[in-house]
Amino acid sequence: MGDTPDSGSYPDAPRILHPPPGPRSRELLAQQAKYETDAVSYSHYFPIAIESARGATVEDVDGNRFIDWVAGISVLNLGHRHPRLVAALEAQSRKVWHALELPTEARVEFLKELEASLPGSLRHHARIFFTVTGGDAVETAVQLADHATQRHGTVTFSGAYHGVHGGAIRLTSGRRYHQTSPFAGGVVVRVPYPDPYRPILGSDQGAAGTIEYLEHLINDPSSGVDSMSAVLVEPILGEGGYVVPPDDFLPSLREFCDRHGILLIADEVQTGLGRTGKMWAVEHSGVTPDIMCIAKTIGGGIPVSVVAYRDDLVKELPRGFHIGTYRGNPLALAVGTEVLKVLREGDLLARTLRRGQRTQERFRDIGVRHPSIGNVRGKGFMIGVEFVQDPKTRAPWGDRAKAMRSALFARGVLMHTAGAWDQVLRFMSPLVIEDELLERGLQAFEDAIETLDTSGNVPAAHHGKAPTGVTGFHPSVSPELGLPTPASPSGPHLTEPSE
Ligand SMILES: Cc1ncc(COP(=O)(O)O)c(C=O)c1O
């Protein structure tokens, strides 16, 4: 595609020497299964043991080499073991590994670099909280919003994923912790995310219907919503299926929040740090949030996360408002500074926008020949390919997306699903993938779908079941949940989690 970066990937990927899982992988998987909880997820989707990784590729213990379009779920935007990150890590490892919250050069350097990288009016006007995971950052952001507004009530959207580890403060007994870390356990106001492909509240026409609904929640005294402190939003839905909202969504949300003195929290955990072809996804719409959650790529694979908030948001926070042993690990911060520098220097972001556009066109082009691809959308290297049983009814086809994941795996390409019915395959390659490998991955995708189309992998409708979806939607009742759910061929189930 003429934009070749050199990330040092294994140049001969995909290379399958032993159909995965090969013998050595099987052995290590069996040992893992013997000792570790069976609640792990990814080793079921991609049953290989990893030997090493370079750039946009990984090698398993049987010598198979895979193109990695999972990228640690957006942790590896700069690929595996980027040479500049390796150098920063090595240098810091000779100084100090753990320093609680005491200043180190690594910490102060990181803070300066991050401040200079933030979007809009947050740039040079933010305060930073260090946290460890994405979920931790989101929880801290909500806690901060409740404290700043002295209200409870977080608006969050259908399809949202913000993590799973809340509630520890309620289990901790010290009164002093309850006073300084007043996490209320979350009062959640759920609102439909405006999805143009599966429209609700007129979301195929823009965000007006969603905003009207939010206004109703505020203005109608019997709406059931007593108060709101913040709107928490993913600029593009991640686990929810790589849904790109209408262009006016974030600007309208910003106006709504300003009208009512509500804070806007952007969860950039999956969308941030170049993934969408801008440093932050909010920059596509020029909206600046009051609070922003950052994780994943910021540590290049070493766990660290951050909450950035407007420096005039709160006068003073009680000391220990949010505490924890591992906040701002020096090794992670040394890597993080380099992550930010690499993303800000050169033209990696502009190149990601260009190459992302071309990659979307390639998926769309494949979709013309394969009607099971109902929709292709995204920004930069965050692209969702949605599978449907029938383009007219748009009934989600999770089994096809999962069959594609397996078919790609067998061909040496790692690609994961998303969406409520696992009906979306998501392209989240490291941004640094070489053009040649990108092209080989796309060819494997095309080959996989051709093979499935000719091999009898057919929608439920062809088995005599009526396809269901949003248009012509015929809900059936899930016996497990007692809730109406589309009769996806794989049956009702919860979305597979991401870490
Ligand atoms: C948008 C978003 N927020 C929060 C999280 C939770 O992050 P973590 O798994 O690090 O807790 C995720 C994880 O995928 C995410 O995609």
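The exercises below concern ring pairs in this predicted model.

**Exercise 1.** Determine how Tyr193 and Phe249 are arranged, which parts of the chain they join, and whether each is buried or exposed.

*Solution.* Begin with the geometry: the ring centres of Tyr193 and Phe249 are 5.4 Å apart and their planes make an angle of 70°. Since planes over 60 degrees apart count as edge-to-face, this aromatic pair is edge-to-face. Next, place the residues: Tyr193 belongs to the loop between strand E6 (188-191) and helix H9 (208-219), while Phe249 lies in helix H10 (residues 249-260), so the pair ties together parts that are 56 residues apart in sequence. Finally, turn to accessibility, where buried means under 20% relative accessible area: Tyr193, at 4%, is buried, and Phe249, at 0%, is buried as well.

**Exercise 2.** Carry out the analysis for Phe363 and Phe427.

*Solution.* The centre-to-centre distance is 6.0 Å and the angle between the planes is 65°, which is an edge-to-face arrangement. Phe363 is found in helix H12 (residues 348-369) and Phe427 in strand E15 (residues 424-427), so this pair ties together parts that are 64 residues apart in sequence. Phe363 has a relative accessible area of 0% and is therefore buried; Phe427 is likewise buried, at 0%.

**Exercise 3.** Which residues are linked with Tyr45 into a cluster by ring pairs, and which charged end sits over the ring of Tyr45?

*Solution.* Ring pairs join Tyr45 with Tyr42, Phe46, Phe66 and Phe409 in a cluster. The ring of Tyr45 also has the charged end of Arg405 over it, 4.4 Å from the ring centre.

Conventions
Residues are numbered from 1 along each chain as its sequence is written. This is a predicted model: local features need pLDDT of at least 70, side-chain atom pairs count only at pLDDT 80 or more; totals for chains, interfaces and linings use all residues. Side-chain values use heavy atoms; hydrogens and water are left out. Rings of Phe, Tyr and Trp (its six-membered ring) pair if their centres lie within 6.5 Å; planes under 30 degrees apart count as stacked, over 60 as edge-to-face and the rest as tilted. Helices (H or I, at least four residues) and strands (E, at least two) are DSSP runs, numbered from the N terminus. Buried means under 20% relative accessible area, exposed over 50%, partly exposed in between (1.4 Å probe, protein chains only). A charge sits over a ring if NZ of Lys or CZ of Arg is within 6 Å of the ring centre and within 35 degrees of the ring normal.
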